[in-house]
Amino acid sequence: MGLKTFKGGVHPYEGKELAKDQPIKEVLPKGDLVYPVSQHIGAPANPIVAKGDTVLRGQKIAEAGGFVSSPIYASVSGTVKAIEPRRVAVGDMVNSIVIENDGEYKEVEFTPCEDVTALSKEEIINKVKEAGVVGMGGAGFPTHVKLSPKEPEKIEYIIANCAECEPYLTADYRRMLENPEELVAGMKIILQIFDKAKGVFGVENNKPDCIAKLQELTKDEPRMEVCPLQTKYPQGGERQLIYAVTGRAINSKMLPADAGCIVDNVETIIAIYNAVKLGKPVMNRVSTITGDAVANPGNFLYYIGTNYAELVEAAGGFKVQPEKIISGGPMMGFPLSTLEVPMMKGSNGIIAIDTDETKEQPCIKCGRCVDVCPMELSPLYFVKYAKEENWQAMKDMSVMDCVECRCCQYICSSKIPIINSIKAGKNAVRGMK
C-alpha cells in the first residue's frame, strides 16, 4: 500500500537533523514564572490566588472561565508576586499570574487512577478538563470540548497527529521515541470514550523508527493502527491529515467531528494520559530549541511559565546573532520581537535563523501557489483582490477555506507575503453582513 497524503503541499528544507538526535532534557526554571490566563482558545481563566499567597507545584491558580476555557496550574512552588498584564509571544499584553520560584518544587499530592478501564466516559472527560489539557500543537483548543461532540456515537476515527510536518521541530519525534507507551496508553483512554472509533497514529515516513516502535506497541491492539504518511508540508494540518487517513474532506464550515474524526497531537495525548492515569495537570511540555544560530539545538522539557530566554540559554545561547527568531515552526509560527515572554501550553519551539530573506518582487503569475495549495484555492487572486479591497470577490473565491498553512508564501517566486492578504480578506469577510 502506498503512503497516504493529500493534494498540493510543499517540501521545504526540513532542518530536523539539528535537534532530532538530542534526547529530551529537563530544564529547571531560574527566574519568576509567568502564567497568562489566556493560554487557550475561549474565555480566559479566572485567577483564584492573590498577591502574597504561597502556592505548591500542581496547585490550581486559575479556574476555567466557562465551558470553552481551561484552568491553569502552578508548575513550581513559591509566592504569588503579582497579578498584572504581561507581554506574551504574539506581542499582546495579557493578564498574568507571576510566581516567585522558591526553588523547592514542593508539590500537591497527586492521586493516580489504579484502574483506568473502570472510569466512565464522563469521569475521563472531567479529569481531562480539570487538568487543563488543551491542544498543545499550538491551537490551544480545550481538549475536553473536543472530546464532547454532539453525537459521540458517530465518531469513527481518533487520529493521533504524529506527523510533525513543520520544519526544524522534533519535540514530538523525541516523545514518540522516548515515551511511546504513554502515547499508546493515552490513545486507549480516548478510545474508552468512543465505542465505535478506531485509533490511528498518522506518522510521516521520515520517522521510520517511530513507525516501527508504534507498530510494535499496537500489534495486539485491534482498535489501533499506524498509518505511514508521505512526508510533505502541511501533512499535519487537521484537514489534510483527516483526508490522508480517511479520504474524507472537510471545509471551513465543518468540524472534524462532522467527518467522524477527532484529531489530537502527540503532546496532547500524553497530557491526557498524565491527567487520567497519573492525576497530574498540565505543568510541563517538550519544546524544540533549534536553528543555525543556536549553539546546541535540542529538545527540552520545560515548566509552563518559563521565560523564553531561559530555554535559549539551556540550548547554549546564540552562536551568532540571529536574523530572525520564530516562536513555533518556520511555516506557521510567528517572529519574536523579544525573548522576555513566557512559554505557554502551546509553545512547541523556538527557532533562531541566521539567514537573509529575499525581498518581495512583483507577482509574475507563475501559478505555483495554485499548484501547492492543499485546499485547491487561488492565492494569487487573494493578493490582487486584497489590494483592491474587493472583499466580496475574496469571499466568492472561498478565502475562508484557507488554512493559512503558508505553502503559497513558501513557494512564491516573488516572495510576496500572501498570508497577510489572506488574513486581511478573512477579517473583512467576517465583518460583512
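Residues are numbered from 1 along each chain as its sequence is written. In this predicted model, local features need pLDDT of at least 70 and side-chain atom pairs count only at pLDDT 80 or more, while totals for chains, interfaces and linings use all residues, and side-chain values use heavy atoms, without hydrogens and water.

Trainee: At what angle do the axes of helix 1 and helix 7 cross?

Mentor: Helices are DSSP runs of H or I with at least four residues, numbered from the N terminus. Axes are lines fitted to C-alpha atoms over the stretch in contact, with angles from 0 to 180 degrees between N-to-C directions. Helix 1 (residues 121-130) is therefore roughly perpendicular to helix 7, a term for 65 to 115 degrees. The axes come within 9 Å, and the crossing angle is roughly 105°.

Trainee: Which residues of helix 7 meet helix 1?

Mentor: Contact means heavy atoms within 4.5 Å. From helix 1, I124, K127 and V128 take part, and their partners in helix 7 are I272, A275 and V276.

Trainee: Is A45 buried or exposed?

Mentor: A45 is found in the loop between strand 2 (33-36) and strand 3 (46-47), strands being DSSP runs of E with at least two residues. Residues touching A45 include V37, H40 and I72. Buried means under 20% relative accessible area and exposed over 50%, with partly exposed in between (1.4 Å probe, protein chains only). At 3% relative accessibility, A45 therefore counts as buried.

Trainee: How far apart in space are A45 and I72, C-alpha to C-alpha?

Mentor: In sequence, A45 and I72 are 27 residues apart. In space, their C-alpha separation is 7.2 Å.

Note on methods:
Parallel < 35°, antiparallel > 145°, perpendicular 65-115°, else oblique. Lists of a residue's contacts leave out its neighbours within four places in sequence.
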